[in-house]
Amino acid sequence: MTEPLIARQRRSTRSNDNSPTYSTRSGAKMDTPEDLRGFNLLFFVTEAVGLIAVILMAVWTANYRGGFAWRSDPAHEFNWHPLLNTIGMIYLFANAILVYRALRTIRKKTLKIIHGAIHFVVIVLTVIAGIAALDSHNLAKPNPIPNFYSLHSWLGIVTVVVYVLQWIFGLTAFLWPGYPLHLRTAILPVHTFMGLLAFVLAIATAFTGLTEKAIFSVTGYSSFIGETYLINLMGLVLVLFGGLVVYLATEVKYKRYPRPEDSGLLTSSSD
């Protein structure tokens with residue numbers, strides 16, 4: 001039996017189709033298919049570099065800066081400031097950014113809750129770190145140290161403001177109560193950009209803080225003492241960590257595309 005002309009034309013069109021790839025998991029149209037080659041290795045390296053940054057900061061504050069205290073010893077209370085900010089505003093912040101790509105098999109709503117919860121922990125650590133810095137200035141004897149005069153402090157304020165506004169905006173827009181789908185789709189690129197901007201600002205703030213502390217508090221810094229190498233190494237590690245995080249977060253082939261289990265959420269305000 002001769003095959004109908006229309007059927008032959010349809011079969012020919014399908015075989016020669018050069019249109020963008022479609023996800024076999026969700027049916028969603030993709031301009032670039034998921035390609036996870038190299039992702040696991042890069043993610044492991046990124047996590048390792050971030051942990052190295054935290055460890056180096058702990059070694060510096062504990063061994064070179066005299067350890068930790070609270071208001072009874074304001075000079076050493078300050079050491080909580082760089083350590084907690086490194087843990088929170090740099091390492092945990094990076095993991096909040098990468099959670100959608102690292103845990104891509106988890107349902108989208110669960111990922112949003114994890115994303116928001118990590119950010120909340122970062123805010124708590126940042127508040128404690130801020131109190132430690134202010135106490136170390138205000139309770140210094142015999143003369144208190146002025147607050148918010150340096151470039152480091154200005155960058156820190158901008159970073160925290162952008163971060164907190166991002167968290168509140170993301171919480172209300174994407175989790176609860178949630179904006180309509182068309183609005184979330186439109187503002188998602190802005191939310192993503194502002195998150196990366198806040199992360200880069202956090203790295204820049206850490207650089208200025210390290211430089212300020214090295215110049216004003218480290219005796220013999222310019223003479224290449226052991227602390228000189230440690231501080232400079234921390235700066236280089238932060239550069240590497242920031243670059244890896246931004247790459248993993250912006251590389252299109254590592255983007256998480258919708259899963260079938262996400263489809264039931266698409267009409268919900270909190271998908």
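Figure 1. Helix α7 comprises 37 residues and extends 52 Å from its first C-alpha to its last, close to the 54 Å expected at 1.5 Å a residue (the expected span being 1.5 Å times one less than the number of residues). Helices are DSSP runs of H or I with at least four residues, numbered from the N terminus. At I187, α7 bends by about 40 degrees, and a proline, P189, follows within four residues; the bend is the angle between axes fitted to the seven residues ending at a residue and the seven starting there. This is a predicted model, in which local features need pLDDT of at least 70 and side-chain atom pairs count only at pLDDT 80 or more, whereas totals for chains, interfaces and linings use all residues. Residues are numbered from 1 along each chain as its sequence is written, and side-chain values use heavy atoms, with hydrogens and water left out.

**Figure 2. Packing of α7 with α8.** Helix α7 (residues 181-217) and helix α8 (residues 226-250) pack at about 175 degrees with axes 10 Å apart. Axes are lines fitted to C-alpha atoms over the stretch in contact, and angles run from 0 to 180 degrees between N-to-C directions. The two helices, α7 and α8, are therefore roughly antiparallel (an angle over 145 degrees). Contacting residues, with heavy atoms within 4.5 Å, include F199, I203 and L210 of α7 and L238, F241 and V245 of α8. By class, this contact of α7 with α8 has 16 nonpolar, 3 polar and no charged residues. Nonpolar covers Ala, Val, Leu, Ile, Met, Phe, Trp, Tyr, Cys and Pro; charged covers Asp, Glu, Lys and Arg; the others, Gly among them, are polar.

**Figure 3. Packing of α4 with α7.** The axes of helix α4 (residues 80-102) and α7 come within 10 Å and cross at roughly 160 degrees, so α4 is roughly antiparallel to α7. Among the residues in contact are M89, F93 and I97 of α4 and G195, F199 and A202 of α7. The contact of α4 with α7 divides into 11 nonpolar, 1 polar and no charged residues.

**Figure 4. Packing of α2 with α4.** Helix α2 (residues 39-64) packs against α4 at about 170 degrees, their axes 9 Å apart; α2 is therefore roughly antiparallel to α4. Residues including F43, E47 and M57 of α2 meet α4 residues that include Y91, L98 and R101. The contact of α2 with α4 holds 13 nonpolar, 5 polar and 2 charged residues.

**Figure 5. Backbone features in two loops.** A cis peptide bond with omega of about 5 degrees joins K141 and P142, and P142 lies in the loop between α5 (108-138) and α6 (151-175). F148 lies in the loop between α5 and α6 and has a positive phi of about 60 degrees although it is not a glycine. The peptide bond from W176 to P177 is cis, with omega near 0 degrees; P177 lies in the loop between α6 and α7.

Definitions and conventions. Parallel < 35°, antiparallel > 145°, perpendicular 65-115°, else oblique.
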